[in-house]
Amino acid sequence: MERTVYLDGQFIKESEAKVSIFDRGFLFGDAVYEVTAVLNGLLVENEGHMLRLQRSCDELQIALPVTIEQIIAIQRELIKVNQLDEGGIYLQVSRGNAGDRDFAYPSADVKPTLVLFTQARSLLNTPKATKGMKVITTEDIRWKRRDIKTVGLLAPCMAKQGALDKQVDDAWLIEDGYITEGSSNNAYIVTQEGVLITRALSNDILHGITRKALLELAEKENMKIEERSFTVEEAYQASEAFVSSATTFVWPVIEIDGKTIADGKPGSVATKLRNIYIELALQTAE
Ligand code: PMP
């Protein structure tokens with residue numbers, strides 16, 4: 001069934017939604033995006049996603065063409081017309097169509113292009129959540145402003161495909177011997193002493209909305225947390241490893257570079273954090 005999508009003020013059939021070849025999102029990857037999870041037809045942690053969207057736009061001097069309140073109304077309308085129960089809403093705003101190709105930002109009268117569409121998928125009952133996932137490590141070849149959520153995602157696409165080509169699920173990215181994050185998620189380990197470790201916030205990683213919530217939950221559970229860089233070797237030796245994102249919530253990692261993590265089964269910390277995160281998400285979705 002064709003989805004109804006949103007493009008620049010209009011709700012239209014996906015086959016009718018067309019963007020110019022001069023759109024800067026297409027020519028330069030000059031665009032930012034957000035993905036908000038949907039559970040029971042409600043938006044999960046959307047406030048955090050909207051704040052990060054605003055920040056990404058501010059960093060790139062892209063003026064949102066509508067208010068955040070209007071975006072939320074569009075998200076709700078898309079959920080309704082597409083009868084989306086579980087999945088996500090993708091939002092992208094590009095610097096727009098400047099009528100030609102030129103590196104310089106166009107004048108302010110060029111209106112940014114705003115696109116939103118729904119994606120139906122299972123978030124709660126996914127095999128990876130119960131069985132865990134396998135990852136390989138690969139060099140992090142991305143740019144230096146990974147805190148801005150841009151659509152310039154070719155390096156993560158290459159990392160992900162490289163992992164799939166090796167019959168594993170995903171890639172963890174390495175810079176100077178330390179894990180930065182997953183191809184599209186934040187990365188965590190739990191040490192043999194039970195300390196939860198994830199890289200500290202900086203321009204080296206995306207500031208995950210799920211990461212923030214998970215760390216708050218872990219603190220409430222009195223877990224020991226260290227926000228610091230960790231090496232691949234530490235990850236091999238960990239008692240647990242896992243990832244987080246808006247569309248995975250928490251997925252355990254049971255193998256890294258062919259080395260089994262602990263007993264090769266999803267760990268108790270990852271499982272507990274996933275469960276309490278989902279509980280919170282269901283309670284607070286709106
Ligand atoms: N890091 C990267 C590189 C990502 O692409 C994502 C998901 N978009 C995340 C982390 C997780 O962020 P969030 O929890 O906000 O989905």
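What should the 17 residues of helix α8 (residues 268–284) span at 1.5 Å a residue? The model is a predicted one, in which local features need pLDDT of at least 70, side-chain atom pairs count only at pLDDT 80 or more, and totals for chains, interfaces and linings use all residues. Residues are numbered from 1 along each chain as its sequence is written, and side-chain values use heavy atoms, with hydrogens and water left out.

Helices are DSSP runs (H or I, at least four residues) numbered from the N terminus. For α8 the span should be 24 Å, and the end C-alpha atoms are 24 Å apart, which agrees; the expected span is 1.5 Å times one less than the number of residues. Buried residues (under 20% relative accessible area, 1.4 Å probe, protein chains only) of α8 are Val269, Ala270, Leu273, Arg274, Ile276, Tyr277, Ile278 and Ala281.

Helix α6 (residues 209–220) has 12 residues, which should span 16 Å; its end C-alpha atoms are 17 Å apart, in agreement. Its buried residues include Ile209, Arg211, Leu214 and Leu217. Asparagine 222, which follows α6, has a positive phi near 60 degrees.

The axes of helix α2 (residues 46–60) and helix α3 (residues 68–81) come within 11 Å and cross at roughly 130 degrees, where axes are lines fitted to C-alpha atoms over the stretch in contact and angles run from 0 to 180 degrees between N-to-C directions. Asn46, Met50, Leu53 and Gln54 of α2 make the contact with Ile68, Ile71, Ile72 and Gln75 of α3 (heavy atoms within 4.5 Å).

Definitions and conventions: Helices (H or I, at least four residues) and strands (E, at least two) are DSSP runs, numbered from the N terminus. Buried means under 20% relative accessible area, exposed over 50%, partly exposed in between (1.4 Å probe, protein chains only).
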